[in-house]
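Please open the model in your viewer and keep the selection tool at hand. The tour moves from one selection to the next and describes what is found at each stop.

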Amino acid sequence: MPEHEQHDVIPGPPADAEGLVVGSDGLARTAWAMGSEMMRHYYDTEWGMPVRDERGLFERLSLEGFQAGLSWATILAKRENFRRAFADFDPDAVARFDQHDLDRLLQDAGIIRHRGKITATIGNARATVALREKGGLAELIWSHQPKQTPAPRSLAEVPTRSPESEALAKRLRAAGFRFVGPTTMFALMEAVGVVDTHLVGSHRRGVSGVWS
């Protein structure tokens with residue numbers, strides 16, 4: 001989830017010219033992280049930390065796909081519902097979903113009932129399983145780590161896509177994945193630590209250990 005995505009922000013301390021907000025704990029965070037306690041916890045503990053296992057990456061790829069056109073806060077608030085509905089994002093289990101499961105998911109008010117995104121998630125699970133013969137989803141995603149990560153000092157400097165996200169999107173589409181455009185894949189790369197787009201002044205900058 002990049003710094004520039006849509007977010008639900010509640011009134012609080014004003015952001016500075018770079019888009020940072022200093023919280024009551026004295027720590028500087030990007031403005032979207034201050035939208036709610038849920039968003040702040042996600043920003044402080046998860047966003048940008050390395051994810052290298054297949055299930056974890058399949059979950060985040062799926063959620064990024066569902067997020068398209070919506071705020072990340074909407075998806076994050078429904079995350080446990082998504083996990084329940086999609087067998088905790090076990091690719092093998094989701095790959096076996098049939099018409100009965102599709103009908104069930106389309107009636108599930110706890111998730112985003114978008115037929116295209118639901119069918120894409122089931123298809124992506126099957127593509128994830130098939131990809132194991134060629135090294136697997138984790139190897140494919142992390143093979144697109146750039147030589148240098150962005151170092152944005154303001155929200156205006158945060159990229160929305162990169163040559164690596166474009167290449168990753170192309171590789172995934174060739175492998176049968178859907179809802180994996182370059183912008184969505186850049187958001188995934190940010191979320192799982194492949195790149196670090198925490199603002200330079202944020203207390204979270206560099207915490208992933210991937211980038212010095």
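Begin by selecting helix H1, residues 37–45, whose buried residues are Met39, Tyr42, Tyr43 and Asp44. Here buried means under 20% relative accessible area, exposed means over 50%, and partly exposed lies in between, with a 1.4 Å probe and protein chains only. Helices (H or I, at least four residues) and strands (E, at least two) are DSSP runs, numbered from the N terminus.

Two remarks on the model apply throughout. This is a predicted model, in which residues are numbered from 1 along each chain as its sequence is written. Local features need pLDDT of at least 70 and side-chain atom pairs count only at pLDDT 80 or more, while totals for chains, interfaces and linings use all residues; side-chain values use heavy atoms, with hydrogens and water left out.

**The whole chain**

Next, display the entire chain, which holds 10 helices and two strands. In sequence order the pattern is β-β-α-α-α-α-α-α-α-α-α-α. The radius of gyration is 17 Å, close to the 17 Å that the globule rule gives for 212 residues, so the chain is as compact as a globular protein of that length. That radius is taken over C-alpha atoms, and the rule is 2.2 Å times the number of residues to the power 0.38. Along the principal axes, the C-alpha atoms fill a box of roughly 50 × 40 × 25 Å. Of the 212 residues, 52% count as buried. Among contacts with a separation of 6 or more, 68% come from residues 24 or more positions apart.

**The nonpolar core**

Which residues have the most contacts inside the largest nonpolar core? Select Phe82, Phe86, Ile118, Leu137 and Leu172, which hold that place in a core of 53 residues. A nonpolar core is a set of buried Ala, Val, Leu, Ile, Met, Phe, Trp, Tyr and Cys residues joined through side-chain atoms within 4.5 Å. Centre the view on Phe86: not counting residues up to four places away in sequence, Phe86 touches Phe66, Val94, Phe97, Leu105, Ile111, Ile118 and Thr121.

Move on to Val94, which is placed in helix H5 (residues 91–95) and is buried, with a relative accessible area of 0%. Beyond its neighbours within four places in sequence, Val94 is in contact with Phe58, Phe86, Thr121, Ile122 and Ala125. Gly123 is 29 residues from Val94 in sequence, and the two are 8.6 Å apart, C-alpha to C-alpha.

Select Ser165 in helix H9 (residues 163–174). Ser165 counts as buried, at 0% relative accessibility. Leaving aside neighbours within four places in sequence, Ser165 is in contact with Pro182, Met185, Phe186 and Met189.

**Two loop residues with positive phi**

Most residues other than glycine have a negative phi. Select Asp88, in the loop between helix H4 (79–85) and H5; phi of Asp88 is near 55°, a positive value. At 39% relative accessibility, Asp88 counts as partly exposed.

Finish at Phe179, in the loop between H9 and helix H10 (182–191). Phi of Phe179 is also positive, near 55°, and Phe179 counts as partly exposed, at 33% relative accessibility.

Technical notes. Contact = heavy atoms within 4.5 Å.
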